[in-house]
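Reader: Could you show me how to read the features of a model such as this one, step by step?

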Amino acid sequence: MTILELKSTKIRDLYGPDYKGAFSCSLRCLLGCILLCLCVPMLMATEPSIETLRKTYPDNTYVIKKADVKVFIDMDGSTHIPRVRRIMQLEFLSLKNNTRVGNTFYHTNNSTLKKAKGAKFTLTSGDVNDDMIFHSDLQFASFSKVLKQAGELALLELTEEFKDFRFYTAETFAYPVPTLSKTVTIKVDSSIHLNTHLFNTEALELKQTHTKTAHETYRLEVLAMKNVPPLTKEEAATSIRSNYPHALIQVQHYTDRNGVQHPVFNTTDALYAFNKKYVAQTHNDTALLRPLLQTIVADSRDTVENVKRMYKWVQEKIRYIAFEYEMAGFIPESANAVVAKTYGDCKGVANLLKTFLTMQGLDARLCWINATGDPYDYSIPTIAIDNHMICAWMRNGTPVFLDATASNNSLEFPPEKLQGRQVLIENGESYVITHVPLLQIISNKAQYNFKMAVQSQRLSGNMEATFYGNRRAAMESFLKQTNATEKDVINHAIMNRSVELKWENQDNLTFEGDSVLAYASAVQFTGHCHRYGDEMFVKLCPMQNLELVQYDSARYCDVDLQLRDYIVYEVDLKIPDGYRVKSIPDSITVPSPVGSIAYAYTVTDENTVRYRRTYSCNKTVLKKEEIPDWNAFVQSAKGEDNKRLVFTKIKP
Amino acid sequence: MKNNQINPLTLCLLLVLLPLWGKATQLVECDFTQSNKERAAFYKNMLWNTPQPEFSDTLVPPQWRNESQVMLCSNSEVLYAYYMAKMTFVLVEHSRVKLQDLNAVSRYSEFSFRDNYKSRGWFNKVKATFHVGFKIVKPDGTEHEVDINEAVETNIQQGRKEETMNKIAIPGLEMGDIVDFYYIAEIKFPVSQYYVQDPEFFPLVDEFPIKKQYLTLHIGPSVYLNARSVNGAPKLKLSHENMYFSSYQLVDSMRNKLTDNVHFRMATELPHLKYHGYYVNTTLRPKKPGNVELFMLGDRVKYKDHLHTDDLKELTVFLSKDKSSYWGGTTDVYASYIKATNRYLKSKFDKTQFNQTELVKEAYYFLREYNFRTQLLRIASNGKISPSIYAPPLELFSANHVLATVYKEWGVPFNFVYTVPNSMSKLDDWLFLNELVPLLEVMPDKDTLLIADIGKESFINYLPHDYSGNKAYRINVFDKEGKFLRKGGTMEPIVLKKNTPDDFKSQVNIHMRVTDFSSPVQLNFEYQVKGGEKVLWDTLMVSAYDSYREQRSDYSRYIVSPAIDHSKWAYTMSGLNEYQVQFEEQRRQSVSDFMRLKLGNQSFTLDSIYVNNIGRWEPKPDLEFGYSATATQVCTPIGERYLLDVGSMLGNKFIPTQLEDSVTFDFQTGGPYEVSQTLRISLPAGYQVKDVESLQKHFENECGILHISASYSQGELMVQTRKAAKHRFYPRQKWPAYTAFLNAGVQMAQMQVIVEPQ
């Protein structure tokens, strides 16, 4: 036996009898080696130099030259259920001298992350503290090392083992720095049926191959990709999963050694059964809640008012405190516990609302929904789809969605982030999939009415501002969080911190029922009037608009606009005594990729000019490819906002 | 004076067996030999089960019924004890807060607290134990204690360090409830000769009203207290005393909330107590140079509430004699600074014949650069630099003494001057060394120059605003004839020079070219900054330095190659130069960011920027920088005419116009300064400006001057402005005058002019 044969035998031993290597004879090996020797210099020649990489990635001091992720999904010999193990090998390449390279990996308590045996580097780990979440089991493991010379490499090898295979839901491709090449190899036991669904890979050089090992014991799926863009921290970005390339993992079913097939997430039914199983573990003692409920709905006139009162009570009395820890992320706390503690997470408050409504004889259901705008729906059933729970009141068979974690939304207006989203509603042993209604943008209307008159270099008068729907809810949240008597707060919230608009009193903040917030004040527009000879030039746009922000067209992520808007400024300006209108700007509509601004100037009667500016935004997401058009729109709109009407003196 | 040194074991025993001082359980009765669990029970009993009338008061005074929350009672105690060669601190914070709206409920719905802590290592082991308790008192008087076991742990690991935080959610909290909670920290650490606590400030005002509050300081044997009540805060009074502990207490009640949290300076406006405790081994004799630290100056008494002015003189004498003092500039660790500065001066000046003023300045600038570069090397090496080239950073006292040593060697007379910055306190109230600022008054060729703070933004003869016009003490080292006073001379109270707008001047030349009205406008800005104003710009431009300092680990990248030199580490300057380049880039970025902020208009695009003469180490007094930009939205078309936005070139669009009608406190402003601007606007051929007169303006009041003049000639509009802010500090009554001055500036920023076809 030659040395080469010996080596190939060893390799065969290592990989087991399934290994069908290329080393069947020494001659083939020798030829292979010669070929390799010829090819390696050619391959090396195609590798970009450090200089080229520096030019390509001027903002980065290092890149990941090669990332190799191997995922092993096989059957656990003792428990006979699938298990998942990921091995990550990352090769960091410094582009400058004395560069600190590194990466931070995140995982939950459902998996453990360790460095590979014998690896010589330090891994720092700990809990991730998120101020928004009271307790999260999210953990991090971080590696960093200083490379002294440009072109130096550092290798990181980590192993992640999942306690429960069902929590392996996605494979994200990007890291915080550019990745020159990455390979994800998923080796799945053939008794496990698994699908991978790719998202946001259109712009990626990605090659997907499916092979099988000998005897078809394992299936191999290889995702080879090049030039994976880095994760960037961009302002107002939509979720990572809606922007960056990744694979969603769906384990459909597996077959045990007795040949029995066990469904996992093969259908939405299975996903619902999974959710339902955990929800069923919550026990509510309605008898204890009844006296409380009676005080909440006492003297209520009808069912709608009943529901409103219960909804409002939960919104106001139960503080939203998120607690995410292993299965606590799936099992709602009992309604009694939530009432006793006066706090709960989304599941806790949804379950409490459902309990209240059911006790009143109403049809109420729990609903699962994705609240972060991820690009999934229930056509791919996995637990990664929904990350939020709300309650639905089935009013005459039509769901009215109640999210008590949104503490200022009224019954008619579901939070903006949920509108139009697909939702899974429980329905006994079955379920219903529908969408949260997408309301007309006019439901979020903000209307500012000004009655103004020219006074020296400024305009003086009164303003009434009225807010509806989600605009009202956002405003109310802001005012409640801060001190509404502070001038700065009012200025910030209602007047967009305009330097040109000056108010004189702020005592007229009123809440009309639960759907309208109104505000009135005496105001001034400073510097809006310029006199020149017999003429007077007047700017009528009352304030700078924070919505008119330009974005970097080179950004990677779509822009999260948060709210679909409908903002109307209506200014009635009294024509100054002794003057007449000489010219008014043209009424015009400036279109934007997500809506428009319509400007209208009309002389309503002999004494008044009316200016109406209607800003509409029909989407909550501005696509990155729409940014150039958006920026052009912002420029045009600013020009229109600056336009003046001209008064001239009436000659006797 | 109580310097009784007792056997530590006896003290332990005595602490256990101390007779009760009253009916209520006292903190000094705590037995530190007990287990944590037993002490937790002791504290709980002391705070919750011992009758305390103020802590059972649930009534909110009528004037505070609309407040979000009211502190009904708060009790803070600090116990200082030394035994078993360990310093023991016990800090007790006990509060009862009435929650009157949902915001308050939300604020108190979660608490975080640290877990017990033990530092690693055999020596200098620090042990910290924490005890907490939370209960809710319902309006009907029922009490619900929160189970601490419900807290969830969060582990934070950073390298070798590990810290556990506990978070607890308060259940059943509603509007109208009272939250009664306490937090106790016991900290023990070994001390050999002495220990000095960092000064603490205990303000009596908060963002919510306080009905009753106590602060009690328990001082054990060999521990001393310095404390002073400032701005009308009640005085500390001896509340209990026995042979081991002296307890001093401050009682305060009915404090309204802080209504203005913008225009106030805590140290000079708010009533507060400043204090620290310190331990000194009785074998250390006070006032013996070489043995004791500076806090030991003056008489060592159990409780001291002021420092004698004589202490200042003593301080100077001390510094000049004490070879081992950290602050002493004449000590060996600073020898490299003195040697290097002298070497530099020798290369520049003939010792027999030289201009003293020039020498004073050169020495100052050189030392600034040398200090900066030495520290850069130290940081670059992560502190591993060879001791042969390492010297601690020059700060305040040490810089003064290095310079003083150098000047003395070159025969330039000087005196020491001490003051307290406005932001810290008042000279009459100074109690701690860290409040004191040493200045150096140098008298070259019968001129007088004042040198302040070499490390940061200061500059020869331009006082930072914080010191301007302050009371100070001058320690005469030389007499008026330049004769050295061997015994430290005399001390005299003086008042430092008050800065004027003349000291902080800048000139801005702006050229705006309007080629045609459809294209963006071309802009050129040139800044010439002189005198003290340069100091401020320097500060802005080198602010990057401080941010770099914080990212210390990143400096490791500048270690180029270890073990080249004979010493353990060697550093080539190439790494340092790379840093220097990045530093310059960072400074330019600072200017760029500042300009964007100043202009406050997104329609400006910065095209290029130049900066001359910036930097803290360059002996050039004037700064020049500028930039070119393009701008849109400057001209608004009106038919055939255009409305030209002149004001946006001249003023800051972000000056707040929405100012308060009045302020509660005396206020501090950005002045004094003077900014002159010349704006030239070249118009396209065939266009003219007629209403030049509308741009002429003059405003003057007790706070400032704003003068604008304009002329138009041959296609060019010229606007000249002079804006001078007269003072820095104003009494609150001057607020309307100050806002009038600011609004005049805003009106300047809104100036427009019509451009029309000829």
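**Strands and sheets**

Author: Let us begin with a pair of strands, where strands are DSSP runs of E with at least two residues, and helices are runs of H or I with at least four, numbered from the N terminus. Two strands pair if DSSP finds at least two bridges between them. Here strand β30 (residues 535-539) of chain A and strand β38 (residues 644-649) of chain A run antiparallel and are joined by 5 bridges. Within that pair, A:Val538 stands opposite A:Leu645 in β38(A).

Reader: Where do the numbers and letters come from, and how far may I trust the model?

Author: Residues are numbered from 1 along each chain as its sequence is written, while chains are lettered from A and ligands numbered from 1 in the order in which they are written. The model is predicted, with local features needing pLDDT of at least 70 and side-chain atom pairs counting only at pLDDT 80 or more, whereas totals for chains, interfaces and linings use all residues.

Reader: In what order do the 4 strands of the open sheet with β30 and β38 stand?

Author: The order is β29-β30-β38-β33 (chain A), with antiparallel pairing. At the edges, β29 (529-532) and β33 (579-583) of chain A each pair on one side only.

Reader: What about the open sheet of 7 strands in chain A?

Author: Its order is β4-β8-β2-β1-β10-β13-β12, and the pairing is mixed. Because β4 (111-115) and β12 (205-212) of chain A each have a single partner strand, one side of each lacks a neighbour in the sheet. The partner of β4(A) is β8 (residues 153-162) of chain A, antiparallel to it and joined by 5 bridges.
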